[in-house]
Amino acid sequence: MILLVAGCSDSSDGAKPVAKLPSVPGEVFLAADSPKKAYVKTAPLTLSRHPLLQPLAGKVTYNENQTASISSPIAGRVMGTPIALGTHVQVGTTLLALNSPDAAAAEADFVKAQADLTLASHAYKRQQELFAGKAIAQKELEQAQDALSSARSELQRSQNRLKNLQLPVQQSNGRFALRSPLAGIVVERRVTPGMEIRPDLDSPLFVVSDIKKLTLLMEVFEVNLSKIRIGQSLSVSVPAYPGETFPATVHYIGQVLDEATRTVQVRCDLPNPDSRLLPGMYATINVDSNPDDLGIMVPLAAVFTEGEANYVFIQLEDNHFQQRKVELALRLKDKALITSGVKPGELLVTEGALMLRAEEEVDSDTAQP
């Protein structure tokens with residue numbers, strides 16, 4: 001009986017052995033044909049201006065120096081139609097006209113004061129002539145002089161009254177024109193045709209403002225106050241215009257701390273040349289560093305945390321990545337500010353960091369005997 005024995009060999013199929021990638025702690029090597037490479041994205045690290053703190057909430061308001069709340073100084077009934085909302089006005093533009101008994105009384109007082117001054121002047125001249133002829137006593141001359149002084153004072157008072165009301169001295173029709181004290185747009189109007197007007201109304205009749213120059217109000221927490229200064233440039237965004245930013249400048253820092261909220265109010269100049277921003281809008285404010293204060297900002301997705309430490313991956317060569325421990329000075333919604341651990345010019349793994357971390361753990365486990 002013949003027993004045939006077949007021999008076997010592991011390399012009988014002629015396949016080449018697979019090269020084993022090196023295993024270095026904290027580093028990852030991907031095979032040249034690894035499909036995982038498609039999930040890794042990199043970008044060079046650069047220095048740029050960076051936020052100094054978390055974005056702040058704010059509100060757009062009128063600029064107080066460019067806004068006037070206008071009421072009538074006298075009573076009367078509105079004549080015709082008051083100026084319309086949204087109208088552009090200049091200094092001295094008539095906002096409404098009143099038929100006013102107060103204006104008529106002021107005009108009548110002026111006319112009477114003129115007549116009284118003329119009469120007192122003539123009387124004084126006669127008394128001077130009589131006194132020169134020794135026909136009257138000096139006391140009577142002094143009385144005439146006193147009456148003349150009183151008449152002059154009364155005329156001056158009536159002239160000042162007309163001036164305060166911006167009424168021409170030659171006018172005598174009892175009409176009063178309420179005028180704008182500054183240039184801007186009529187943004188509020190609380191008056192209707194035929195309305196009875198009084199000086200003691202609770203609300204102003206008109207609000208005129210130059211909305212090309214607005215004010216931005218924001219509340220800054222006590223702990224962040226040292227990062228705000230007069231003249232500082234800010235970047236402002238509003239929900240109405242996603243993706244757009246508007247410049248603002250800090251012009252006043254409050255001198256009183258709100259004990260309830262531990263915040264200080266900060267006022268900023270907000271140019272609005274195209275009138276796109278409106279008073280009452282809510283805003284998000286970014287406080288950026290000085291132009292010469294640069295840092296490394298990275299996508300927050302590039303950072304992963306283990307324990308109490310933060311890490312990123314840096315690409316050293318093709319298919320070769322190194323894990324780095326980094327220090328974060330500020331963590332925002334989608335970005336982080338790195339202060340140590342990486343350098344400008346290095347290639348940061350912006351996507352796929354967690355996949356590389358998992359690959360590192362696999363390599364470590366494989367390397368163990």
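Predicted model: local features only at pLDDT ≥ 70, side-chain atom pairs only at ≥ 80, totals over all residues.

**Stop 1**

Select 138–164 to show α2. Helices here are DSSP runs (H or I, at least four residues), strands are runs of E with at least two, and both are numbered from the N terminus. Within α2, colour Leu 141, Ala 144, Leu 148, Ala 151, Leu 155, Ser 158 and Leu 162, which are buried. Buried means under 20% relative accessible area, exposed means over 50%, and partly exposed is in between (1.4 Å probe, protein chains only). Part of the cover over these buried residues comes from α1, residues 101–132.

Now select α1 itself. Its 32 residues should span 46 Å at 1.5 Å a residue, and the end C-alpha atoms are 46 Å apart, in agreement. Buried positions in α1 include Phe 110, Leu 117 and Tyr 124, along with Glu 107 and Gln 127. The buried residues of α1 pack against α2 and β9.

From Phe 131 to His 88 the C-alpha separation is 63 Å, although the two are 43 residues apart along the chain. Beyond residues up to four places away in sequence, Phe 131 touches Ile 136, Ala 137, Gln 138 and Leu 141; contact means heavy atoms within 4.5 Å.

**Stop 2: two positive phi values**

Most residues other than glycine have a negative phi. Select Gln 166, which follows α2 and has a positive phi near 55°. Gln 166 is in the loop between α2 and β9 (175–179), and its 48% relative accessibility makes it partly exposed. Then go to Ser 275, where phi is near 60°, again positive. Ser 275 is placed in the loop between β16 (263–271) and β17 (282–287), partly exposed with a relative accessible area of 25%.

**Stop 3: the nonpolar cores**

A nonpolar core is a set of buried Ala, Val, Leu, Ile, Met, Phe, Trp, Tyr and Cys residues joined through side-chain atoms within 4.5 Å. Which members of the largest core touch the most other members? Phe 176 and Phe 206 do, in a core of 33 residues. Two or more residues come from each of β5 (67–70), β8 (94–99), α1, α2, β9 and β12 (206–209). The helix α1 gives the most, with 7 residues. Zoom in on Phe 206: its contacts, leaving aside neighbours within four places in sequence, include Ile 70, Ile 83, Leu 95, Leu 178 and Val 186. A second, separate core has 26 residues, among them Ile 185, Met 218, Ile 285 and Val 287.

**Stop 4**

Is Leu 53 buried or exposed? Leu 53 is buried, because its relative accessibility is 4%. Leu 53 is in the loop between β3 (48–49) and β4 (56–62). Its C-alpha is 9.4 Å from that of Ser 289, yet the two are 236 residues apart in sequence. Leaving aside neighbours within four places in sequence, Leu 53 contacts Asn 224, Lys 227, Val 287, Leu 330 and Leu 332.

Finish by selecting Ser 235 in strand β14 (residues 233–237). Ser 235 is buried, with a relative accessible area of 16%. Apart from neighbours within four places in sequence, its contacts are Thr 245, Phe 246, Thr 284, Ile 285, Asn 286 and Asp 288.

Conventions: Residues numbered from 1 in each chain as written. Heavy atoms only, no water. Expected span 1.5 Å × (residues − 1).
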